[in-house]
Amino acid sequence: MAGIEHILVPTDGSTGAIKAATYAGELARALGSRVTLLYVQDSESMLSGVLGLAEFAGGVPANFESTEDVRRVLEKQARERELPETSQALGDGDTVAEMVTVWGHPADEIVKFVEEHAVDLVVIGSHGRSGLQRAFLGSVSQSVANQVSCPITIVK
C-alpha cells in the first residue's frame, strides 16, 4: 500500500460516510496519508431549501430573499455540522483533514476532484440501496467506482 499519500472521503453526513471516515482515519494513520473531506451540495438541496423543505439545523430561516441566501445557509450548515462530524470520525492522531465544499452532482464532483487533486484512494460510504431504490436514486459510490482511475474502497 505504499504510495497512498492522499485519501479522499466524500461525505454527506450519513452513517455510511461516518463509517467511511473512521476507516479512512485508521488507514491514513497507518500509511501517513493526508485526508480530504469533500462535501458536495447538490441542486436538490438548493431546490429543497428554496421550497422550504430542507432540513436546516435551526429550523427554516424566515425571509429568504434569493437562492444565494439558501446557498449560504446550506454551506454554513455543512461547515458547522456535517463536515465536523465526519472529521471527528477520522479519530485521534495526526490526521487533520482538509475540508472542502462544492456544488454540483455528487458523483460528477467527486470524480472531478479526484482528477484535479492527485487523489490516490477514495474511501466512500454506501447507503446500501438495492433494487428499486438503487434504480431510481442511483448509487453515487458505484458511479464513482466506475469513473475514477484510482482505487476506491466502499465502506458499508
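Guide: Start with the terms: strands (E, at least two residues) and helices (H or I, at least four) are DSSP runs numbered from the N terminus, and two strands pair if DSSP finds at least two bridges between them. This is a predicted model, so local features need pLDDT of at least 70 and side-chain atom pairs count only at pLDDT 80 or more, while totals for chains, interfaces and linings use all residues. Residues are numbered from 1 along each chain as its sequence is written, and side-chain values use heavy atoms, leaving out hydrogens and water.

Visitor: In what order do the five strands sit in the open sheet?

Guide: The order is S3-S2-S1-S4-S5, with parallel pairing. Strands S3 (97–103) and S5 (152–155) each have a single partner strand, so one side of each lacks a neighbour in the sheet.

Visitor: How many bridges join S1 to S2?

Guide: Six, between residues 6–11 and 34–41. Leucine 8, for instance, has threonine 36 in S2 as its bridge partner.

Visitor: Which strands does helix H4 lie across?

Guide: Axes are lines fitted to C-alpha atoms, for helices over the stretch in contact (heavy atoms within 4.5 Å), and angles run from 0 to 180 degrees between N-to-C directions. Helix H4 (residues 106–116) lies across S1, S2, S3 and S4 (121–125), at about 150 degrees to S2. Helix H6 (residues 140–147) touches S4 and S5, making about 165 degrees with S5.

Visitor: Is isoleucine 7 buried or exposed?

Guide: Buried means under 20% relative accessible area, exposed over 50%, partly exposed in between (1.4 Å probe, protein chains only). Isoleucine 7, in strand S1, is buried at 0%. Its contacts include Ala24, Leu27 and Val123.

Terms used: Lists of a residue's contacts leave out its neighbours within four places in sequence.
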